[in-house]
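Below is a short briefing on one structure, grouped by topic. Please read it beside the sequence and the model.

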Amino acid sequence: MAHIIVVGNEKGGAGKSTVSMHVATALARAGKKVSALDLDLRQRTFGRYVENRRSFLASADLDLPSPDVHDLPEIDAAQLKPGENIYDHRLSAAVATLEPDNDFILIDCPGSHTRLSQVAHSLADTLITPLNDSFVDFDLLARIDSTGEKILGPSVYSEMVWNARQLRAQAGLKPIDWIVLRNRMGAQRMVNKEKMERAIKMLAKRIGFRIAPGFSERVIFRELFPRGLTLLDLKDIGVKQLNISNVAARQELRDLIKALNLPEIEVDF
């Protein structure tokens, strides 16, 4: 059975596709067979990332480890029973097809609440939620008082994850390992940053997720997208000397992969 990783957050701009591409590529470089599904059927940022990679590697005559991205299969609506949702069947059919031949299936969810995203969360063995280091984004997980010190209650996304956990428990599946990444963190020690750290730690204990370091805000991620590359590919394309920012970003990726604690994965990059 493939291990299913879902990257989800109902707010756009959190860095889901960047995280998805780097995690998927790191797993492929570890010798694992990785397939991916992009559930943002309109924008398809992750799908475009992989397509850009395939095109660049072909033009540069390079063969680098890469995830395979797949489209959801079409389902004949006439075959559905009353009340059944066609997107449920499309996603379950895709996962059923990919599971036998892959070590990992990575699912990149859209930055909005959709039926596909809801179902995908219930399939997750590992759930990664990138979160910008801001109380604007924190509001997606929980409501907090005006001081930023007291959590008033879970918010919409946390409730969706709770429902997904309940569905898995009813089906007799193992619990979701939920990991929240503090993404796009600034380097300076600021009051807001410290408040965010305290609030996330309080919420982690309350609703049950692990906290892991994400990526800092770096230009390199935007520069790599048109070629579909990741930080792990720089030396393979002829970058002999990484600058300080790139070295730091590479270490962030190493720390992230270690924190995910995925089965049979050794970090050797």
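V19, H22, V23 and A26 of helix α1 meet L253, L256, I257 and L260 of helix α9, contact meaning heavy atoms within 4.5 Å. This is a predicted model, in which local features need pLDDT of at least 70 and side-chain atom pairs count only at pLDDT 80 or more, while totals for chains, interfaces and linings use all residues. Residues are numbered from 1 along each chain as its sequence is written, and side-chain values use heavy atoms, with hydrogens and water left out.

**Helices α1 and α9**
- Helix α1 (residues 16–29) packs on helix α9 (residues 244–260) at an angle of about 75°, and their axes are 11 Å apart.
- That angle makes α1 roughly perpendicular to α9 (65 to 115 degrees).
- Axes are lines fitted to C-alpha atoms, for helices over the stretch in contact, and angles run from 0 to 180 degrees between N-to-C directions.
- Helices (H or I, at least four residues) and strands (E, at least two) are DSSP runs, numbered from the N terminus.

**The sheet**
- Seven strands, in the order β3-β2-β4-β1-β5-β8-β9, form an open sheet with parallel pairing; two strands pair if DSSP finds at least two bridges between them.
- Its edge strands, β3 (68–70) and β9 (210–213), each pair on one side only.
- From one strand to the next, the twist averages 25°.
- Strands β2 (residues 34–38) and β4 (residues 104–108) run parallel and are joined by five bridges.
- D38 stands opposite D108 in β4.

**Helix α6 and R168**
- Helix α6 (residues 156–170) lies across β5 (126–132) and β8 (177–183), and runs at about 155° to β8.
- R168 lies in this helix and counts as buried because its relative accessibility is 4% (buried means under 20% relative accessible area, with a 1.4 Å probe and protein chains only).
- Leaving aside neighbours within four places in sequence, R168 contacts S122, L123, A124, D125, L173, K174, P175 and I176.

**Helix α2**
- The buried residues of α2 are F46, G47, Y49, V50, N52, R53, F56 and L57.
- Their cover includes α1, β2, β3, β4 and α8 (219–224).
- Just after α2, D61 takes a positive phi of about 55°.

Terms used:
Parallel < 35°, antiparallel > 145°, perpendicular 65-115°, else oblique. Buried < 20%, exposed > 50% of the residue type's maximum accessible area, 1.4 Å probe, protein only.
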